[in-house]
Amino acid sequence: VYVSFDDGDHWQSLRLNLPATSVRDLTIKNDDLAIGTHGRGFWILDDITPLRQLDDKVIASSAYLFEPQLTYRVRWNMNTDTPLPPDVPAGQNPPDGAVLDYYLKSAASGPVTLDILDSTGKSVRRYSSDDPLPKPDPELSIPTFWPRPPQKLLNEAGFHRFLWDLHYPPVPGIKPEYPIAAIYENTAPASTSPWVVPGKYQVVFTANGQKLTRELTIEMDPRVKTPIAGLQQQFDLSHQVYEDILALQPINDQVEQLRAQIKAQRVKSPSQADAAKLDAFSQKLDAFAGAGSGRRRRGNQQAATLSSVRGSLLELFSVMQDVDATPTNQVAQAIPVLRNSTQTLLKQWAEIQKSDLPQLKSQLHISALPNLPEGTGAQLLGITTNRDEE
């Protein structure tokens, strides 16, 4: 199969990953090109909008962001079982999410960025070519050919395609979980951030000091009959829970590190008095954090712990985001209760950081236990002791 951009004067191959076989028919359906091959079935080239826009002006540009196609908010996989084995022939599904195509005439001198803005101009998602790729999980409990490889926003010369999954940024620090309904080399982890609401968005591409903006339209899966008001309520409530998880997750990470550090210091403490002080702090930390990932049960009048509130928030988030439907009244009523508990925990943690940790450092001459920086997930430094110096 060949394509011409000048009314047939010149032709170039559009074979891509096709086998070397005769193409007997072609048809265009919306933004996709479907072809029939000689005795080899049919193939689909997803999203040909860049081909429609490609001209000499694009090639002459130092940087160019193509107008994205109409994007549907569709759940990425309907497979209900484990993926097909690698040796079973199978087609590849079209990309799930918004396909963003851009062109760089030459390699960018610095990082390139993609910003997704909502209709009010607020940031939804930001990508940069400087973003580090996540490291492989050494404790991955599923075959390595299940997960979707991480994508990189490239600042190299040429045509590039990037996929936005129509979600807000994932919560840092939560280990990815992969569903059993998997696709070979294309299984995305369970999302920890909410879907965006169908509507108008802005895509801003920045390269070499040049800023290009395109409009992106997102529509709902036409099979879903939930009214837009219900989807908006789903987002509003989910985003409230998402904000609380963002607030508690760095505290959860630091509590786990602090527990390990106190335990290590406890082993090194030669004095029973010092050991008693460490044990008292550990008990207070345990009372604040709780254990495991248990949920608060109905009728349980005990004080909410970090573990129980965080677990309940994650469970409630999953309840709302796992289905494209208006949240139930029970869900809506549960959110203010958990939000109040979150605020209580934030105040308790601030007091631990402001009072209890400095007091412990002073009593035991322990240094390098910094306060939690506001709004970040910075890790606690390791405990060091000055007793040898003294």
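A residue is called buried when its relative accessible area is under 20%, exposed when it is over 50%, and partly exposed in between (1.4 Å probe, protein chains only). The structure described here is a predicted model, in which local features need pLDDT of at least 70, side-chain atom pairs count only at pLDDT 80 or more, and totals for chains, interfaces and linings use all residues. Residues are numbered from 1 along each chain as its sequence is written, and side-chain values use heavy atoms, with hydrogens and water left out.

With 25% relative accessibility, leucine 346 counts as partly exposed. This leucine lies in helix H6; helices (H or I, at least four residues) and strands (E, at least two) are DSSP runs, numbered from the N terminus. Contact means heavy atoms within 4.5 Å. Not counting residues up to four places away in sequence, leucine 346 touches Ala247, Leu248 and Ile251. Between leucine 346 and leucine 306 there are 9.3 Å in space, C-alpha to C-alpha, and 40 residues in sequence.

Helix H4 comes next. H4 covers residues 272-289, 18 residues in total, and its first and last C-alpha are 25 Å apart, close to the expected 26 Å; the expected span is 1.5 Å times one less than the number of residues. Its buried residues are Asp274, Ala275, Leu278, Phe281, Leu285, Phe288 and Ala289. Viewed down the axis of H4, these buried residues fall within an arc of 140°, so they line one face of the helix; the arc is that of the directions from the helix axis to the C-beta atoms. An α-helix has 3.6 residues a turn, so residues three or four places apart point the same way. The buried residues of H4 pack against helix H3 (228-268), helix H5 (306-321) and helix H6 (329-364). Gln272, Gln283 and Ala287 are exposed, on the face of H4 turned away from its buried side. After H4 comes glycine 290, with a positive phi near 75°.

Three of them form an open sheet in the order E6-E8-E11, with antiparallel pairing; two strands pair if DSSP finds at least two bridges between them. Strand E6 (63-65) and strand E11 (158-164) stand at the edges with a single partner strand each, so one side of each has no neighbour in the sheet. E6 pairs with strand E8 (residues 98-104) in the antiparallel sense over three bridges. Leucine 65 has tyrosine 102 in E8 as its bridge partner. Elsewhere, strand E9 (residues 113-117) contains threonine 113, which counts as buried at 7% relative accessibility. Leaving aside neighbours within four places in sequence, threonine 113 is in contact with residues including Arg126, Leu153 and Phe205.

Aromatic rings complete the account. Rings of Phe, Tyr and Trp (its six-membered ring) pair if their centres lie within 6.5 Å; planes under 30 degrees apart count as stacked, over 60 as edge-to-face and the rest as tilted. By this rule there are ten aromatic pairs. In one of them, phenylalanine 145 and tyrosine 184 have ring centres 5.6 Å apart and planes at 50°, so the pair is tilted. This pair links distant parts of the chain, 39 residues apart. Phenylalanine 145 counts as partly exposed at 29% relative accessibility, and tyrosine 184 counts as partly exposed at 36%. Tyr64, Phe66, Tyr103 and Phe159 form one aromatic cluster.
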